[in-house]
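Please examine the model shown below, with attention to how its chains meet. A short report follows it.

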Amino acid sequence: MAAATLTVAFFVAPLVGLLQRVDWSGLSGELSSPQAWDALRLSLICSASATVLAILFGTPLAWLLARGDLPGRAVIRSLVLLPMVLPPVVGGVALLSAFSLRSPIGGWLNDTFGIQLTFSSAGVVMAEAFVAMPFFVITVEGALRGMDSRFEEAAASLGAGRLTVFRRVTLPMVAPSVVAGAVLAWARALGEFGATITFAGNIAGRTRTLPLAVYLALETNQQGAIALSIVLLVVSLVVLVSLRDRWLMRT
Amino acid sequence: MRTKQTLIRWTLVTVAALTMLVGCSDSADKTSGSDDAARATPRSELKGTVVVSAATSLTEVFTEIADQFTAANPDVDVEFNFDSSSTLATQIIEGAPADVYASADEANMTKLTDAGVIAGKPAIFAENELVIVTKPGNPSGIDNLSDLATAGVISLCGEEVPCGRYAAQILEKAGVAISEANVTRGQNVGATLAAVTEGDAAAAIVYVTDARSAGDQVEAVPVPAEVNVTATYPIGVLESSEASDVAEAFMAHVLSDEGQAVLSRYGFLLPR
């Protein structure tokens, strides 16, 4: 009991610390600065794009990992989950070595299509998707694996094609997990710092997302940094509330 | 329910792996020079550990100076916290433990003396100049400061970081304006340099000493003397230091002929 109280206090103390340093009267002023808006807008756009990518590319992978009959599944799963344990800065360096202008792929993209990923918002989306997608894949894979496959078999025996079964039976049954995985991935993408600053740089309006802006503002304008932190805190709370059925209402 | 079990299992695996990663990494730079122990005469009475918070541009030279210092004082340990002077100043004002602070500019030292956390008077121990660095072979053809305005993405230090402030002064003197949309800001001079050596930035403005230690990873393009600025490095002992005798001895060693010789070997200018 005492240990549990201490644990709760450990989580509450930093929140209280942050909140008691907020200059509430100046908050709206700090948040209405163009720099804050740029960072917020960029963060929302990039994290939403990264989440869409995670859903589009993560769903087939999750299905394959859960149901597919593929060799070396354990290896593939470890590879996909690696970004969850890898320090994000290392992820950024790895992305650089694969996609910088001097790397084979990055050089080819630039020579052939004139696409440069480093220092671009697309690079931010890539870095965020790299660290966030595993959260989506693992959540959806778990749901698919735990699902009772008799419903799908019943549908198939009644003449539904594979795509129809997936669309009308499988997807609705795992929908809550898809949503939860997407929200988790989005929250992770929104908070991404290390891979982003390493791979995409720190350019105002183009790659300077909210966490980067908070870090930069800590030295110049602490109230600004705290105000931006509050925005991230509010967003995190919204995520928690939206997932309340899953985590908070557990009996 | 297997969903939750899987999730929990993976969370445990993740936590275990993270613990291992954290456990393996050495969080502090420890220096314990034993190879120069022969020179340690006479044996010193100093004992204890000092934490030196120093500007990133001092990483290599201070590590070597600390090796000298610990060789002469075998019972002393020097631990380092290298980051931008402005980050370190923020940390110290917020109460981060440190015994010695060495900044790459006087503005951040003044922040600390104004806050009353520096004991005594800081001393200037080195000077530095700035230089443009490009990728090896200078593929963007950068010959002078004005070329920076059109060369693509330029890496500069954060505006409050000393190297960022010096770069801004140089660009202003030279009358060159680089659009902020083409500037990526490094959180310290190391990160600013890495955007050129590791990343895709066309050029950066860093210290002469950084360009030197980067070797053939970069090509240096000099900044004309009439617009260059002199970076001054002050050092001071913190009021809160619990090993102030060791801290003062370290500071004295940096200012000694022996310490100054190392600084000069790394390309720092000695204060006039």
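Which side chains meet in a salt bridge? In this predicted model, R21(A) and E94(B) do, at 3.2 Å from N to O. The rule, a side-chain nitrogen of Lys or Arg within 4 Å of a carboxyl oxygen of Asp or Glu, finds 1 salt bridge across the interface of chain A and chain B.

Local features need pLDDT of at least 70 and side-chain atom pairs pLDDT 80 or more, while totals for chains, interfaces and linings use all residues. Residues are numbered from 1 along each chain as its sequence is written, chains are lettered from A in the order written, and side-chain values use heavy atoms, without hydrogens and water.

Contact (heavy atoms within 4.5 Å) joins 35 residues of chain A to 34 residues of chain B. Carbon and sulfur atoms give 57% of the buried area of about 2,700 Å², which is the accessible area (1.4 Å probe) lost on putting the two parts together, summed over both.

Helix 7 of chain A supplies the largest share, 6 residues.

Within chain A, helix 3 (residues 34-67) packs against helix 11 at an angle of about 150°, their axes 8 Å apart. Axes are lines fitted to C-alpha atoms over the stretch in contact, and angles run from 0 to 180 degrees between N-to-C directions. Here A39(A), L40(A) and S43(A) of helix 3 meet L210(A), P211(A) and A213(A) of helix 11.

How values were computed:
Helix = DSSP H or I, 4+ residues; strand = E, 2+ residues; numbered from the N terminus.
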